[in-house]
Amino acid sequence: MGDAGMQPTVSTSENLSPQDSLFSMTDVFLISLITGLFTYWFFFRKKKEEVPELPKIQPVTSPERDSSFIEKMKKTGRNIVVFYGSQTGTAEEFANRLSKDAHRYGLRGMAADPEEYDLSDLSRLSEIDKSLAVFCMATYGEGDPTDNAQDFYDWLQETDADLSGLRFAVFGLGNKTYEHFNAMGKYVDKRLQELGAQRIFELGLGDDDGNLEEDFITWREQFWPAVCEHFGVEATGEESSIRQYELVVHTDMNMSKVYTGEMGRLKSYENQKPPFDAKNPFLASVTMNRKLNEGGERHLMHLELDISDSKIRYESGDHVAVYPANDSSLVNQIGEILHTDLDTIMSLNNLDEESNKKHPFPCPTSYRTALTYYLDITNPPRTNVLYELAQYATDTGEQEQLRKMASSAAEGKALYLSWVVEARRNILAILQDMPSLQPPIDHLCELLPRLQARYYSIASSSKVHPNAIHICAVTVEYETKTGRLNKGVATNWLKNMVPDENRSKSLVPMYVRKSQFRLPFKPSTPVIMIGPGTGIAPFIGFIQERAWLKQQGKDVGETVLYYGCRHEHEDYLYREELARFHQDGLLTQLNVAFSRDQAEKVYVQHLLRKNKENVWKLVNEGNAHIYVCGDARNMARDVQNTFYEIVAEFGNMSQPQAVDYVKKLMTKGRYSLDVWS
């Protein structure tokens, strides 16, 4: 049995002699020994080589706390930090002005983007002597924080931090035509106090529907005396012009290193890389640009942007942000008045080397590029710009007028309101009307605010148009009190975007901003859409999507539209498309108000009243979702008041109860607004 068990081994080596077998085993042993020694040597050698490299790796494991504004303030000797929640740049501008003010009182300030710092460090601000946190907070949309303040808002909601050592003040930027006026400013002010922080000056509430600049100046002129009293300091003297940036002219610059309009990364327009956002917009080709209205003085247009290969995704109700360019004739006129070679390549470098903001706009670049793509040259300049410019007026009368308009005196405020704001004088008009005013163009570029993206409600559904985004817009054009013709920057720029074969001249820098303006989760839920004028834009997307869902076999609820325009045969937008949707039963009701086709004006709210019983049935029994898009100042308010009336009448409620009912619809997401003023 034992022999039998060895048979396979014997048979495989039956041709070998005993000497041969012994040699093979020795050979195997030697080879194993050599292999083991080599392996040991190899790993031993590897370890010895890696030892000197360890110190190089160590710094990566313990990086400096770049997100700590406290460490930065200590390092740079600052004691006032001004955080800004800004969507259009105004709050950031106010924050910069307040931080610059601080030097007048022997203090040092810095403006800070809350998105770049860890705001939980607010509890440590008391480590710095005479420290103060100021918050310039804009409210966006329906009481929401701005994009850059979202994380701060979330932190405030969740934290139970002890902020008892924090001294603070808040200035809010809002618009009274909106339902939730200055909601963000009010919330930050209230929440900081709840967490134990000490308010050293009352909450400021700026109203952009009135005169936001005057609101800010009025608050600011009372804020600083309160700071002085609290810290026991005094103003060191008169306001003085302090440059924040220094000019560097490049005479021999490699043009491949010069910005030509990019928002972030150099050459990002030549070498496009997703994801696309505010700092990295996608260059979309305009594939269609057609006039929507049949007559009248206005120009209403429908544009289609090609987003193929961009990986951009959007939902019906989202907004598309567009970066426009200023009119080249305005840019050229500024260059001529200031006797400047606009093609000079330059950089404006921050004199504060510790600042996160190295330049006011992408540099190096040319003056022409800066004035075309980066700077706002069409809006009336704010008072701080006038104050800084005054020193360059050689005529004493013009200099005094500029200083007076920049002052906090009642007479100066009234003059600024009438001569600049109401007359809609932009920087070019001011230079033209004050011939002795000759500021250096680099200082002017430092003072002018950034040109902001313009937002449009997307007029398409990604279910139907996955590779395109549609825009519906009206060109802005009006005559000012001085007889000048002012044109809207973006709409007139878009108007001239004519599709061409190579598409090189019709590229639009854009990105998508998500919205809360959403169709109901269940397609069977009825929807009531109210959108006169270009307010119809998101509803074109909504109707397209509901039609697509129906084609997919889904049970789609009633789709009701209330639309309004001036004249049936003049500015009835998307007339053919809406008629086709209605005829096919995809649009259950098409109610159109032509406001000026009869002696008595008829608006969408009148049609709502006319159909009030049906409206109430849809809302009360059908749990319909209500959507309002368009003008916030009049239309949205009038429509909301109409719903109060309908609810009070058919719900047998008092006026306060009806108001509460509609407010609850808003809270539940059943009454949504996408409005502008």
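**A walk through the model**

Pro-275 is placed in the loop between strand 8 (245-249) and strand 9 (282-291); helices (H or I, at least four residues) and strands (E, at least two) are DSSP runs, numbered from the N terminus. The peptide bond that leads from Pro-274 to Pro-275 is cis, with omega near 5°. Another cis peptide bond joins Cys-363 and Pro-364, with omega about 0°. Pro-364 sits in the loop between strand 12 (345-350) and strand 13 (365-366).

This is a predicted model, in which local features need pLDDT of at least 70 and side-chain atom pairs count only at pLDDT 80 or more, while totals for chains, interfaces and linings use all residues. Residues are numbered from 1 along each chain as its sequence is written, and side-chain values use heavy atoms, with hydrogens and water left out.

The mean pLDDT of the protein is 89, and 89% of its residues reach 70 or more; pLDDT is the predictor's confidence in each residue, from 0 to 100. Over residues 1-23 the pLDDT is below 50, and this stretch has one contact in the model beyond near neighbours in sequence. A contact means heavy atoms within 4.5 Å. Residues 42-65 also have pLDDT below 50, with four contacts beyond near neighbours in sequence.

The protein has 22 helices and 23 strands. Of its 677 residues, 49% count as buried; buried means under 20% relative accessible area, exposed over 50%, and partly exposed in between (1.4 Å probe, protein chains only). Among contacts with a separation of 6 or more, 75% are between residues 24 or more positions apart.

Most residues other than glycine have a negative phi, and most peptide bonds are trans. Asn-182 has a positive phi, near 55°. Asn-182 belongs to the loop between strand 5 (167-174) and helix 7 (183-194), and is buried, with a relative accessible area of 0%. His-339 also has a positive phi, near 50°. His-339 is in the loop between helix 9 (328-337) and strand 12, and is exposed at 67% relative accessible area.

Next come the annotated sites. The unreviewed UniProt entry places the feature "binding site" at several residues, including Arg-298, Lys-601, Gln-605 and Asp-638. UniProt positions are given in the numbering used here, feature names are shortened, and annotations may be inferred rather than shown by experiment.

Lys-601 lies in the loop between strand 21 (589-594) and helix 19 (604-610). With a relative accessible area of 43%, Lys-601 is partly exposed. Leaving out residues up to four places away in sequence, Lys-601 touches Ser-595, Arg-596 and His-606. Gln-605 lies in helix 19 and counts as buried, at 8% relative accessibility.
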